[in-house]
Amino acid sequence: MNRYKVYQVDILDYGDGHIDTNRTLLGVTVAPSPAKAINNVKFRLGIKPSDLSCYYSGDGGRRSHLEAELTV
C-alpha cells in the first residue's frame with residue numbers, strides 16, 4: 001500500500017479569455033493505486049460528479065478534476 005496526497009485542480013474560465021488554475025490539497029490516504037486514492041477521498045468528502053463543474057452566467061465556468069500524488 002502506498003500513501004497518496006489527493007488534490008483538486010480547478011480550471012477557472014472567466015469567459016473573457018482569462019483562465020486561472022488552482023490546486024487544493026483535499027486529503028492524504030493509503031491506497032494500492034492513484035485511482036483508488038482518488039475514490040477514497042471522494043467518498044470521504046462526499047464529492048459527486050456534479051460537484052466538479054459549475055457554469056457561470058455568461059460564457060465562463062469552472063471545471064475540476066482530482067489528481068493523486070505519491071508521497072514518500
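Let me start where helix α1 stops. The residue that follows α1 is Gly46, and its phi is positive, near 70°. Keep in mind that this is a predicted model.

Now the helix itself. α1 runs over residues 34–45, twelve residues in all.

Which residues of α1 are buried? They are Ala37, Ile38, Asn40 and Val41. Looking down the axis of α1, these buried residues fall within an arc of 160°, so they line one face of the helix. As for what covers them, the list includes three strands: β1, residues 2–13; β2, residues 19–31; and β4, residues 61–70.

And the other side? The face of α1 turned away from the buried side carries Ala35 and Phe43, which are exposed.

Asn2 lies in β1. Is Asn2 buried, exposed or partly exposed? Its relative accessible area is 34%; buried would need under 20% and exposed over 50%, so Asn2 counts as partly exposed.

For its surroundings, I set aside the neighbours within four places in sequence. Asn2 is then in contact with Thr29, Val30, Ala31, Pro32 and Leu70. There is also a pair to look at across the chain: Asn2 and Val72 are 70 residues apart in sequence, and their C-alpha atoms are separated by 8.6 Å.

Definitions and conventions. Residues are numbered from 1 along each chain as its sequence is written. This is a predicted model: local features need pLDDT of at least 70, side-chain atom pairs count only at pLDDT 80 or more; totals for chains, interfaces and linings use all residues. Side-chain values use heavy atoms; hydrogens and water are left out. Helices (H or I, at least four residues) and strands (E, at least two) are DSSP runs, numbered from the N terminus. The expected span of a helix is 1.5 Å times one less than its number of residues. Buried means under 20% relative accessible area, exposed over 50%, partly exposed in between (1.4 Å probe, protein chains only). The arc is that of the directions from the helix axis to the C-beta atoms. Contact means heavy atoms within 4.5 Å.
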